[in-house]
Amino acid sequence: MFNKSQLEAYSNIEAPQELYEKVLSSKPKKSKIYLLPLAASLAACLILIFGIGFRSNFDSEIFLNGQLVNTDTVLIGELAPESKADMRALPTLKILVEITLTEKTKVTVSSGVLILENGERVNSVTFKDDVSFFWEVESKAELTESTMTLNSFSGKQEIILTQYDDGSYTAEIN
Amino acid sequence: MDNLASRKPNIEEIYKLYADMLYRVALSELQSDMDAQDAVQDVFIKYMSHNPVFKDSEHEKAWFLRVTVNRCHDMLRSRKVRLKFHSESETEPVNPASKARQELFEVLASIPEKYKSTVILHCLEGLSLQETADVLGITLSGAKMRLKRARDILKEEKNV
């Protein structure tokens, strides 16, 4: 498709110096605040109040699409513009989940399915060791929350996956 | 699991690692130096705002490419909307540093937008087809199909 000199010309392209200055002088944007309906806020408060008693030193790391999930909101990805325009093109989000485990843990999702290595599709499954699987959820370009819950002897951990109307989706540990 | 969380690189290190690649991709998509700079700057602002932590450098690279390509597609769409209402030229000419670069941009300009990202990531950036599909959020067969269509279009153009 391209000859050697064209490939060489491409690899010789460098970002201009002015871009470096622009980037270094840029300030991070504050994240958007979405006003959840009152009922959802109340439910979140109840979960926090009652859930805090069950929280523990959950000694595991959870990666969604290779990104470490923690208590800060992390951007997991965005739908490609063509998918945003035509949801039929990508009706589901298929997120790679990788978890390091130190004890027997039950993983349950509030929506979507877990696709295991053997192709089995389940809503809930118990693992004993480090594991990876896919979490497939319906793709929605609107504010939607889905939850993955990890239950073990030492406690419980909830990962909230939020889809936004701009096609992006984030995750955080509740 | 080994991850990058233990030592978070600062923005200067991250810039040095990815800026050239992202600028190449954005310039190839947008064919405009100013727009490409804007796109890449937006990507780094997004990175600084969300402060994501990645499992490894492959995932980090894929994230940067995905966000850049999506930003370029957004800009191309708004450029189309602008063109509907104004009679401005579609692209500002890229100052070609060499004849080869000029030819390269001519080839890229003749590839429909829908297939261009696949060509840029696979043929120019050297990503595998699976990596390209992952970045673009399409299936492997979708990526293969787009590449084939782009090749067919270029072949047809050569024959005309």
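Trainee: At what angle do helix α2 of chain A and helix α2 of chain B pack?

Mentor: This is a predicted model: local features need pLDDT of at least 70, side-chain atom pairs count only at pLDDT 80 or more, and totals for chains, interfaces and linings use all residues. Residues are numbered from 1 along each chain as its sequence is written, while chains are lettered from A and ligands numbered from 1 in the order written. Axes are lines fitted to C-alpha atoms, for helices over the stretch in contact, and angles run from 0 to 180 degrees between N-to-C directions. Residues 17-24 of chain A and 33-50 of chain B form these helices, their axes lie 10 Å apart, and the angle is about 35°.

Trainee: Is the crossing of α2(A) and α2(B) left-handed or right-handed?

Mentor: Look at how the near helix is turned from the far one: anticlockwise by less than a right angle is left-handed, clockwise is right-handed. For α2(A) and α2(B), the crossing is right-handed.

Trainee: How many residues does chain A give to its contact with chain B?

Mentor: Chain B gives 44 residues. Its helices α1, α2, α3, α4, α5 and α7 each supply at least two residues of that side. From chain A, the number is 37.

Trainee: How many strands does chain A have?

Mentor: Both element types are DSSP runs, numbered from the N terminus: helices (H or I, at least four residues) and strands (E, at least two). Chain A has four helices, and its strands come to 12.

Trainee: How many bridges join β10 to β11 in chain A?

Mentor: Two strands pair if DSSP finds at least two bridges between them. Strands β10(A), residues 144-152, and β11(A), residues 155-163, run antiparallel. A hairpin joins them through two residues. The bridges number nine.

Trainee: Which residue takes a positive phi in the hairpin of β11(A) and β12(A)?

Mentor: Five bridges join these antiparallel strands, and A:I160 has A:E172 as its bridge partner. Four residues lie between the strands, and the one with a phi near 90° is A:G167.

Trainee: What percentage of the residues in chain A are buried?

Mentor: Count the other C-beta atoms, placed from the backbone, within 10 Å of a residue's own: 20 or more is buried, 12 or fewer exposed, and in between partly exposed. Of the 174 residues in chain A, the buried share is 28%.

Notes. Contact = placed C-beta atoms within 7 Å.
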